[in-house]
Structures are given as structure tokens and as C-alpha cells.
Amino acid sequence: MSSETQKILSTDGIPLEESLKKAEKKNKIKAFLLVTPLLLFLIITYIVPIADMFSRSIDDKMVTNMLPKTYKAMEQWDGKELPPEEVFEAFYLDYKILVKNKTAGKLQTQLNYEKNGFKSVLKKLARKQKKFEEGNYKEQIMKVHKRWRNVEYWRAIKRRAPAYTYSKYLKGVDMYSNEDGKIVQVSEDRRIHRILWSRTLEVAFFVTLFCFLMAYPIAHLLATLPMKYSNLLMICVLLPFWTSLLVRTASWMILLQQQGIVNDFFVWIGLVADDNRPEMMYNKTGTYVAMTQILLPFMVLPLYSVMKTISPSLMRAGKSLGATPVVAFFKVYFPLTIPGIGAGCLLVFILAIGYYITPALVGGASGTLISNQIAYHMKSTLDWSFASAMGLMLLTGVLVIYWIYNKLVGVDNIKLG
Amino acid sequence: MALPKYTEPHYRIWHYFYLFVCGCVFFFLIAPLFVIFPLSFNAEEFLVFTDGMKRLDPDAFSTRWYKDMVYGTKNPWGLAAKNSFIIAIFATIGSIILGTLAALGLSSRHMPYKGLIMATLISPMIVPLIISGVAIFFFMAKVGLAATHLGIILAHIILGTPFVVITVTATLSGFDHSITRAASSLGSNPFNTFMKITLPLILPGVISGGLFAFVTSFDEVVVVLFLAGLDNTTIPIQMWTGLREQLSPTILAVATCLIVLSVLILLTAELLRRRSERLRGINR
């Protein structure tokens, strides 16, 4: 007998195995089609724009766009000796337009980053070039300032137009590449970004710690109390969770102000003098207190859902075997809650590291975090490529933490409410 | 939880200390919200309890800030509330449709690359809002949707879908797929099966996911700050501007309304959760 006839056939006359495979494939496609709309939507409106931030952060076309003719003429120039007449002419023409449009200042600043002293040279050229005659621009420009005879300055212009740059990332950690192409730190008094990074990490760490210390006992209480009472107490956790972030921040602004209730209370119990009320808002204290209260529910809920599953008989068993309550707690109960601790801590940490609203409102100057700096560059200085670079640095950090979170607890285990 | 009679004294002390700590934490969690209530009825323009209020003098209280919120001249709250509701409602509908479909697909055991896709779908929840804001702003500016309602609605759909995906996937985890097979075997087409069998059963999950999406949209300020123009101002934006510039009691009146709204949402969510657990046969 041939193997063909041994195969079981479905009603359509196709071998059953094939028919099953086909059905399986159809189901796979069906499941995938259901996910497709959302997946496509997110990829187009979200994932690609985030990836696009990367190209924006390394793309530095500012100077190239200001001196289009010059860079075209410079393509032939090898950079060893002074450039030929065409480059001088092109530069003169480009610069004339910039001076006329009053945008030359930007170029002066940018080129001064490359080579110190460029600014004054360019300013002088802007004044003198009105009297230029047509032809032989090389001689005329070099007459304006002797530095134009120095090939270093022309190299600086050429160097300023790479296809891409990582200078924004260096700036994000307070470094820059100097004239020789070496990466060095900026002078000590200008290292603001590193302070912000370390402050962000510090605030995120301590907020997580405070949340953990406060959430653990109440999660335990909620998990062990009879349903009747715990449901009522759960509302204390869930109501802040559902209330607008701005409302909660507003209430902290009222509480922590100098004439606020917290200060009133401190005066009343005699902790501080009435005329010497401490400033609790617009500094780090305000950020800590408000963020801890706002993020606390995110710690309580995962802890609660884990503690709920721990049977009370385990502790009793431990005690009946001779452990003191303290030993039983640390040897039996605490290890069982570790998944919840991991989930809660990482969730709070991730949220805290990217916090924006609360630090901006109650943080003042000494309580702002890296997110505030990103928003500042997006809205005020309009240095979008720098904002993108800092955003991506922050995102990388968060993704690393998220990856750890996924390894430890799994993203499917996130529970809400 | 009463202590058994044989409890030793030092343990008894420890237990009361523990209850005291818990009480403090609960107070810390909930008390700040209740400061807003009385202060929003302040007759003065200050954000502190006046002497009259401390004496419970009726003259020290008034509803002028509520009147100001509704009838005030040049007040932005009417427009902001209208915009907020329009944006939140459409964003919720969009999130529910896209999120529920995706959750149905993800819960199928035939789904390929489940982990990767799930991670992608809930990424807007993990990525810090400021980064989402920057990225979405770049996209909307490119396609010309910045400073439009549609742009903000789409942005809020991005932020809201992860909640729907998570809650509906959780509801579907206890779902008995043999009922839908039974429906098909009785001649129902897939659409009818979904509308008549699946949807009613997963509805609590869908609605509670929708509530999350609604609250996310209604309370969202970071992304809107980048996207909104003057015509798209929302309640959170107005609160943000108010809190930054001058803290006026009108903001507290608005905040009180928002707290009442969140109490209503909380109650709905709790009822739905209990119903869903009852339906899925989870008894605690």
C-alpha cells in the first residue's frame, strides 16, 4: 500500500494534517488582524516618531543651511592650505544674506563654539563688507582681519558641517569635543546637566524608598483585615489614585506654603517660631513630599495584590515551629512579598524618574528634574535636537529598568485597581 | 483585627504602634484632598484658613468662587470643560475600540510574537510622558495636526489604549472559549457571536479600561501642553497655568468638582470590578 492512502482525509478530501495546519494558520492570521489596527496606529504615531527623535538628535543642519554656497564650494577643498577664491566668494555671498536678514548672530555663536575668537572676526567682516567691491573677494576678506589668512578658521567652518553629530549627547553629560577633536568636560561652573541627572536619580531613589516604607505596613493591613474594613480603607488608597494629578499637586501647594497648614501645625506644637516659618515649597522638600504622596498608590496596589495571596497559616506554622514573630516575619512572610516589592519599586521608580508636573510646580529651582530641562529646551530655547537627545538618554535608562522589570515580574502581571 | 488573649505585652505594644503607623500613612494619603473642600468656600481671596473660618462663622464662607467659575468674566473654564469632555469622550471611544480588538487578538492562543507585541502596545504607559509628548508633538506638527482637537484626541488614544488592553486582557484570561465555539456551531456568524456572547461577558473589563482611558485623557497635561493652541485649552491646562501664575480660589472650586468626579468614577470602577469578579467566579 502506498503512504497516500494511509493518510486520514477530511470531508473535503484533503489530508487532515494539512487541513489542520491550514486552520491553524487561518487562526493565526485572524488573531494578528485583530491586533493590526492598534499596532499600526501606534507604530505610525508613536514608535516611528520616537525613533525619529534619534535622527533629529544627531542631525545638525543649522550651520549647513546658513552657508549653502560655501559648503558646496568647499567640497573640492582639501583643507591643507587656504581655500581658493571660489570659497571666499561663496562665503561672502552667504554671509551677506545672513547679515541682511539679521541672522548672522546665530552663525557667529555656532562658529565660536568651534574656534574661539571667531565671533569678533565675523562681526568685523559684517561691518566692513558693505564697502566690498566686486571681484577678488579673497584679497578683500583677508584685508579685513588677519585671522582670515589663518587656515585654522576655514577648517573650523568645514568641520562645523558633518552629516551627523553626537555633540548634543556630549552636551547632555556636560562634555564637548574641542578644536583638536578631543572630548573634554565643560568648566566646572557650567556643569548643570550632570547635577540634574544625579538629582533626578536621587529623587527617584528616595521617593521609591519612602513609598516602600509607607506602603508596606498599609498593604499588609489591607491584606489581613476582614473584607468589610479593608474595602473601606482601600478607598483611601484608590481615591488619590483616581484624582487628578493637578488637584493633588494644588493641595500640596496649599499645605506647604509658608502660611499653610503644615507650617501652622509646626508653629502650634512649638517646633518652629511663628516669624521663622521654614520654606517647604519651591525646593527639594516639596518635591519629595508631594511626589511620595502622589506615587504611593502605585506601590500599595502591587504589594497588596501579592500579600493577598499569602496564606496566614504560613506565619502560624512558622510560629508553631518555634520562630519568634520577628523571625517568622523575615524568614517566611517577607521573602514571599518580594515579587510585589520588585513590581512596586520599579513601577514607582520608572514613574518618578520621568516626572514633570509636580517638580515644575512645587520644585522651584532646586527641585526641578531632567524632564523639566527637556520641556525647557522644547518650549523656551527651541533647541529641539538637544531636547531629543536628552529625552532619548532618559528613555534608554527607563527601558533598561523596564527590561529588568520584565525579567523579574513580567509585564503581563501589571495589575490595576 | 483583635489580638488573641494570650498575646504578650511587648507584642501588644508593637501591634498598636503598627496600627498607629498605618493610620498616619492613610492620613497622609487622604487628608491633602480634604483641604481643598473648605478652602474652596472661602469668602476671602486667600488660600489660608481665615480666623472667621476657624470660628465657623457663616460669613467667612461663600460660594463666590463657584459662581466665578461658572459666570466669571473672561473665564476660561467653560471652554476648557467643553474641550476636555469632547477630547476625553472621543479618546475613550477610540481607545476602547482599538484596545478591545487588540486584546481579543492577544488573548488568542494562536497569536504569534505575543510578548513583543504586548510590550509594544503598552509602551506608552512605560515611556515617560515628557518623551511621549516630544515625540507625539513632532509627529503632529509634521502632519499638520498640532493645535487641533483631532491631534489631541489621537495623542490621548495613544496614551489610553494600554489601559484598555491590560484590563480587557485580564478579563479574557478567565474566558471560556468553548461558549463562542458553541455559538458558532449553532450557526452564529463571528460578528454576532462577538456582540451577543463575548462582549456582554467582557463588558466590565471594557468599561473599566474605558474609565482609565477617560481619566487619563481628562487629567493629561504634559502632552497637551505641547499640542494645544489657544482654542484647545483643557481643564488641566487651565489649572496648570493657574497654579503657575496665581493660585486663586477659583482653581480650588474647579478642583473640588474634579474630586467629586473622581469619587463617582471610583465608585463605578469598584462596582464594575466586583461584578466582573462575580461573573468570572472569583470569590475572595
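**View 1. Helix α7 of chain B is mostly covered, with 12 of its 15 residues buried.** A residue counts as buried if 20 or more other C-beta atoms, placed from the backbone, lie within 10 Å of its own, and helices are DSSP runs (H or I, at least four residues) numbered from the N terminus. This is a predicted model, in which local features need pLDDT of at least 70 and side-chain atom pairs count only at pLDDT 80 or more, while totals for chains, interfaces and linings use all residues. Residues are numbered from 1 along each chain as its sequence is written, and chains are lettered from A in the order in which they are written. Among the buried residues of α7(B) are B:Leu129, B:Gly133 and B:Phe137.

**View 2. Helix α7 of chain B spans residues 129-143.** From its first C-alpha to its last the helix reaches 21 Å, close to the 21 Å expected at 1.5 Å a residue, the expectation being 1.5 Å times one less than the number of residues. Just after α7(B), B:Gly144 takes a positive phi of about 80°.

**View 3. Chain B is divided into domain 1 (15-62) and domain 2 (77-279).** Domain bounds come from an automatic or database domain assignment, and the C-alpha centres of these two domains of chain B lie 33 Å apart. In chain B, 8 residues of domain 1 are in contact with 7 residues of domain 2, contact meaning C-beta atoms, placed from the backbone, within 7 Å.

**View 4. In chain A, the centres of domain 1 and domain 4, taken over C-alpha atoms, are separated by 35 Å.** Their contact takes 4 residues from domain 1 of chain A and 6 residues from domain 4 of chain A.

Note on methods. Contact = placed C-beta atoms within 7 Å. Helix = DSSP H or I, 4+ residues; strand = E, 2+ residues; numbered from the N terminus.
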